[in-house]
Amino acid sequence: MLRYLAARIGLIVPTFFGIIFLTFILIRLVPGDPVEVRLGERGIEPERHAALLRQMGLDKPLAEQFLGYVAGVLRGDLGVSFSTQQPVLREFMSLFPATIELTFCAVLLGVLIGIPAGILAGMKRGSLYDHLMMTASLTGYSMPIFWWGLLLILTFSVNLHWTPVSGRIDLSYFVDSVTGFMTIDALLSDERGAFRSAIMHLMLPTIVLATLPLAVIARMTRSAMLEVLGENYIRTARAKGLSALRVVNLHALRNALIPIVTVIGLQIGVLLGGAIITETIFSWPGIGKWLVEAIARRDYPVLQGGVLIIASLVMLVNLIVDVAYGLLNPRIRHGR
Amino acid sequence: MAALETGTTKPSSRARRESLTAETWRSLRRNRGAMSGLAIVVLLLLTAVFADIVAPHGPAEQFRDHLLQPPVWSEGGAWRFPFGTDDLGRCVLSRLIHGSRLSLLIGFLVVSFSLTCGGLLGLVAGFFGGTADLLIMRAMDILLALPSLLLALVIVAILGPGLTNAMIAVAVVFLPHFARLMRASVLSEAARDYVVASRVAGASRWRLMTDTILPNCVAPLIVQTTLSFSAAILDAAALGFLGLGAQPPTPEWGTMLASALSFLQAAPWVVTLPGCAILITVLAFNLLGDGLRDALDPKLKR
Amino acid sequence: MPLLEIRNLTVEFPTDDGTFRAVDGLDLDLDRGEVLGIVGESGSGKSVTMLALMGLLPWPARVRADRMSFDGIDLRNLRASRRQRIMGKDIAMVFQEPMTSLNPCFSVGFQLVEALKTHEGGARIALRRRAVELLEKVGVPDPERRIHAFPHQLSGGMCQRVMIAMAIACRPRLLIADEPTTALDVTIQAEILGLLAELQREQGMAMVLITHDMGVVAEAVDRVMVMYASQPFELQTTRALFECPRHPYTAALLEALPERNRGKRRLSVIPGTVPGLADRPSGCIFSPRCQFVDARCRDVPPSLVGLNAGQVRCHHPLSEQPR
């Protein structure tokens, strides 16, 4: 297990430095004057330009600039947003809980519905339910989620008035930010109805963001179950006289879980991508909306820092998934 | 050695390939989902080709007396504009029909680019191994570490918004998938007996690659291509929706949707119909791709 | 009343090219403590017969029988809960591929204890102790330690011993061993067969040994059923079968045994191949390959007829002279 883990980490380190390099190059690929690109200003007078060039170290050789950048990244210095003049990392940390809250709920929804739905379809292969589930999941998989979000808003917010249109909580509530997670903060606050409001705000974005992972998890669970149910050890389990429930939920699922967990881990990238769109539609103050706005404002330090952090997070999640995979798979857990 | 070469049958021979195609088709025809997907794709293709004839109006033609006219099935609609008009009095149906051209073109260009470049990278990595393999696959890992939409956004942010740049962005996003797939198929094919046999028999590297390995990697690539087609259309539409893809007045479906957002309440059809078009197109390609996978890969057939 | 009674068992699988009949009109009686061998080529329906009995056939299979009972209990259309109480307890099965027949995600001990707990229950410590005893009994060395092992840490032979331990855990009255040694090394094969024979004698259970190896049959079983392309061709005591086979197919099988070919320059073989779904003859299913074939064989399918202690499905059974 340790050797397996070491190999995984060994793969990640060069990728991490590759990402740092990529973000370093990124800002240099933007056409235009480097100082202007970094400051987001136009028409800087020549003397100030020269001074800034030196101040920002852009007159040094590229290799030296890169080392300086790497050192900064490792210290946690990701530059300063030129639209807010705030350090990028601090801005990220203040917005990140909102994204985590949304993403976590979406994963939860995807897992809680996707896995049972997939198991059932795998068990009842060829049945009406199986066909319906497969059709629904393929539709979910093909869904343009920006449109799906708008449809839900149109139906539930605009026409039925069941859910609010945007934001994280009703403006009439004043909830102190303790954890950054609105639902938890609302519970902690004394405001009555704040929690309910937070949940109602969370509902539609969660459904929209969960659609794609839900479809993928359900399909994957089904095919993993079908694969496992055909294995010899399932026949053995049935020959032992175990109940169908035990055969499926213990013997089959335990094995099917190995690929399912991998797929759930892969969804994190999909989710963070989906969060960009979902947050934009629902005006959810998270990382996705932040990045889209940064692009619109040409706030390159934000984009650079945001990309770096998100890529690192994705790699971290992948590492965790690899560990989970190792723990679930006795062949890896108990070495060779 | 010559005996070895003739003795080990090469499954890429013409006869096998033909029977494979026939069998794939037979299996595909039994798959109702795949057939409906194929039907829709063909229909879309015809629509796109004959857009000028099929569409009742020009995509940019404005009818100032008919702003936001509802579609024919709701009150106030008329057959003149079956899907209604948008805020500038343009016929939604005509714009959708012309949009199908764009979507299919986007899918085609993006997938051809990723397939060619990614496939080539994977082929080189898998066939030559060593440093080339290491460098290429590490680079692909870096691209894969970024959520695909974020990567596309970053590329568009650097290159500037626009349909061409959006297509380049999406194409780059798909590169690693093709490269990985190609590399994996090359590696698994290269380990097969017939490839080893022809290598022992002294076939040149180039011949080995083009004659024996490449034809046998086709099946997974076809599936990946079809599925990427739908993903490309979806991603390009998403970029359009975020205002980073095709710019108005281009009748790209995602862009149409975005520019009609302020009328969501007053004229929902301007928003819902382009979305329907995207969903149906993407669904059709996915149905076809799924069917092809089942037909081409007996291992996955259930 | 025999322990196991099967009358006219038919198993069919729907395929794209029509219905495939895997077992066709099979009759079988098995007494308590008796050991029966079922011999036949791969695909002749031996395994399918026993899987049908256990209710373990995969989904599209269709099983029909006039009678299929174990100890007086009708096994056809048995309720799932009732069946689960019999399977693993009164009837147990050992499979062909030991490496894949154990669940890779659970330890050997867990899977053994599970078998015991399902049918007999009891305290955890007692169950564990019995699991260790069972492993010891089937010849797993160092059972105290091996009980924590996962299947991938064991060899094929060890896995098969574990499978056997699991099968005999609840002292079944019928043990079905489906080619238990096919996937194993030759040296291990004899050990496993010896173990099965020993356990059978000791516990007095009935046993069905499925194999395609005539040599195994000669050593291990009381009676033999020979199957060919879904049909039972001959049923005799082992001794009678080897001394005077009544069916031309059986005779040809015995002819092909290496030890009967000593001194000959070529091994004798049966010409032709087993008929598939498309070229199944209308008469006797062996007629295209039979050296005694006549017009009647080609048109009229023979039925199983009793001859002394045995049964044979042939219009022209071979004479009873010992060879």
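β10(C) and β11(C) form a hairpin with 2 residues between them. In the turn, C:Ala229 has a positive phi of about 45 degrees. This is a predicted model: local features need pLDDT of at least 70, side-chain atom pairs count only at pLDDT 80 or more, and totals for chains, interfaces and linings use all residues. Residues are numbered from 1 along each chain as its sequence is written, while chains are lettered from A and ligands numbered from 1 in the order in which they are written.

Helices (H or I, at least four residues) and strands (E, at least two) are DSSP runs, numbered from the N terminus. Two strands pair if DSSP finds at least two bridges between them. The table lists the pairings of β11(C), residues 231-237.

β11(C) is mostly covered. Of its 7 residues, 6 are buried (20 or more other C-beta atoms within 10 Å of the residue's own, with C-beta atoms placed from the backbone).

Now to the contact between chains. Chain A brings 20 residues and chain C brings 26 residues. Two residues are in contact if their C-beta atoms, placed from the backbone, lie within 7 Å. On the chain A side, α10 (232-239), α11 (244-282) and α14 (330-333) each give two or more residues. α10(A) gives the most, with 7 residues. By class, this side has 6 nonpolar, 7 polar and 7 charged residues. Ala, Val, Leu, Ile, Met, Phe, Trp, Tyr, Cys and Pro count as nonpolar, Asp, Glu, Lys and Arg as charged, and the others, Gly among them, as polar.

Key:
A residue is buried if 20 or more other C-beta atoms lie within 10 Å of its own, exposed if 12 or fewer, and partly exposed in between; C-beta atoms are placed from the backbone.
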